[in-house]
Amino acid sequence: MKIFSYLIVSFVVLLLIQVQDSQSISAYETDFFTQTNTLIVNYVDNFAPSYEVDVPKDEKYILIQSYSWVRDNVSRYNLVSYSIDGGDFIQIQRKSMGDFSVDIPMDTFHVVTFKALIQYPIEINGISNFSFIPNSPTGDVWFDSGTDVSIQVPYTIILEEKKSRSQITGWSINNSELIPINRNDSGFFETELIHISDGQNVKFFLVRQYWVAVISDMGNVEGSGWYDEGSMVTILAKPSENLFSVDVIDRWEGLEPNPVDNPTQILVNSPLVITAKWNTDYSKALVLGGSIIGLMVSLMIILRKR
């Protein structure tokens, strides 16, 4: 009976050894044919969750990473560099949108680490013709946290040549108090430096202006220029000097109704071309002639008395 029990135990042990050897061979065959290497992807300061990818041994893996991804409702992360297996960081050409890709030969285990920066946007309102100094590193309206930037805008924006334009009068940041801007007919205005630590809202204030042309075929006129919409403007005509006559304003054409006062005030709500129309007054010549005749008569009387 003992011998029989011993045989049964021996048989079970041999069977277990055979099963274990069979599993080892199977595992070896599986590892030989489907062996993989692991690629670990992580981010400096945990700007995104780390992850792993198992790649068949000796295959090339194309690692794809977005240039930008959302941080919260007012900021984003933007890719700046990467390193492989703890080596030096390799700079990446900054872009706002799209995907960055790098080929990783999976001959062994690898770790790729991405570095990114936090960016905030600058929203510009009131004007479409503007530029940043310096420009955004990503070529848009997003700027790296901790940097400083100013905004450059033209003092005037021509809408219709010699008819209408807009002129900058002030600006504000994040709905703060209006900061006035000294008027200028040419060149560019540049804001003070804006520190980027959050999203910024910059608004520019403009006034519509119209060109008033005051012309005349004689004498001199004053009042031509650019004027704010709704402003009152004084125009003036100065007659040319003449020994025998005086030129006087008959009317101003180009206005409704045609005023006759000189100088006169006009309301500017559109581009205007105003022409001075003259009449010639010869009363000066008559007075002068009468004076001459009187003088001659007086001389004749004096001579006769002598």
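**Proline 257 sits in the loop between strand E21 (246-253) and E22.** This is a predicted model, in which local features need pLDDT of at least 70 and side-chain atom pairs count only at pLDDT 80 or more, while totals for chains, interfaces and linings use all residues. Residues are numbered from 1 along each chain as its sequence is written, and side-chain values use heavy atoms, with hydrogens and water left out. Element names follow DSSP runs numbered from the N terminus: helices are H or I runs of at least four residues, and strands are E runs of at least two. Look at the peptide bond that joins glutamate 256 to proline 257: it is cis, with omega at about -10 degrees. The loop between E21 and E22 also holds proline 263. Here the bond from asparagine 262 to proline 263 is cis, with omega near 0 degrees. As background, most peptide bonds are trans.

**Aspartate 85 and asparagine 174 each show a positive phi.** Most residues other than glycine have a negative phi. What is the phi of aspartate 85? Its value is about 55 degrees, although the residue is not a glycine. You will find aspartate 85 in the loop between E5 and strand E6 (90-91). Asparagine 174, with phi near 55 degrees, belongs to the loop between strand E13 (164-173) and E14. Aspartate 85 has a relative accessible area of 43%, so it counts as partly exposed; here buried means under 20% relative accessible area, exposed means over 50%, and partly exposed lies in between, using a 1.4 Å probe and protein chains only. Asparagine 174 is partly exposed too, at 41% relative accessibility.

**Strand E8 (residues 110-125) runs parallel to strand E1 (residues 36-43).** Strands of a sheet pair through backbone hydrogen bonds, either parallel or antiparallel. Two strands are said to pair if DSSP finds at least two bridges between them. Five bridges join E1 to E8, and tyrosine 43 stands opposite phenylalanine 114 in E8. Strand E5 (residues 75-84) runs antiparallel to E8, with eight bridges between them. Phenylalanine 114 in E8 turns up again here, as the bridge partner of tyrosine 82.

**E8 also has bridges to strand E10 (residues 142-144) and to strand E17 (residues 200-216).** How many bridges join E8 to E10? There are three, and the two strands run antiparallel. Find proline 121 and you will see tryptophan 142 of E10 opposite. With E17, E8 runs parallel through four bridges.

**E18, E20 and E22 form an open sheet of three strands.** The strand order is E18-E20-E22, with antiparallel pairing. Strand E18 (220-222) and strand E22 (264-268) are the edge strands, each pairing on one side only. From one strand to the next, the twist averages 25 degrees; axes are lines fitted to C-alpha atoms, for helices over the stretch in contact, and angles run from 0 to 180 degrees between N-to-C directions. Three bridges join E18 to strand E20 (residues 231-238), and glutamate 222 stands opposite leucine 236 in E20.

**Arginine 76 forms a salt bridge with aspartate 140.** Side chains of opposite charge can pair when their charged atoms come close. The term salt bridge is used for a side-chain nitrogen of Lys or Arg within 4 Å of a carboxyl oxygen of Asp or Glu, and the structure holds nine of them. In this pair the closest N and O atoms are 3.0 Å apart. The partners come from distant parts of the chain, 64 residues apart: arginine 76 is in strand E5, and aspartate 140 is in the loop between strand E9 (131-133) and E10. Is arginine 76 buried or exposed? Arginine 76 is buried, at 7% relative accessible area.

**Arginine 183 meets aspartate 228 in a salt bridge of 3.0 Å, N to O.** This pair also links distant parts of the chain, 45 residues apart, from the loop between strand E14 (179-180) and strand E15 (188-190) to strand E19 (residues 225-228). Both partners are partly exposed, with relative accessible areas of 43% for arginine 183 and 23% for aspartate 228.

**Asp250, Arg251 and Glu253 are connected in a salt-bridge network.** Within this group, the side chains of arginine 251 and glutamate 253 meet at 2.8 Å, N to O. Arginine 251 is partly exposed at 29% relative accessibility, and glutamate 253 is partly exposed at 29%.
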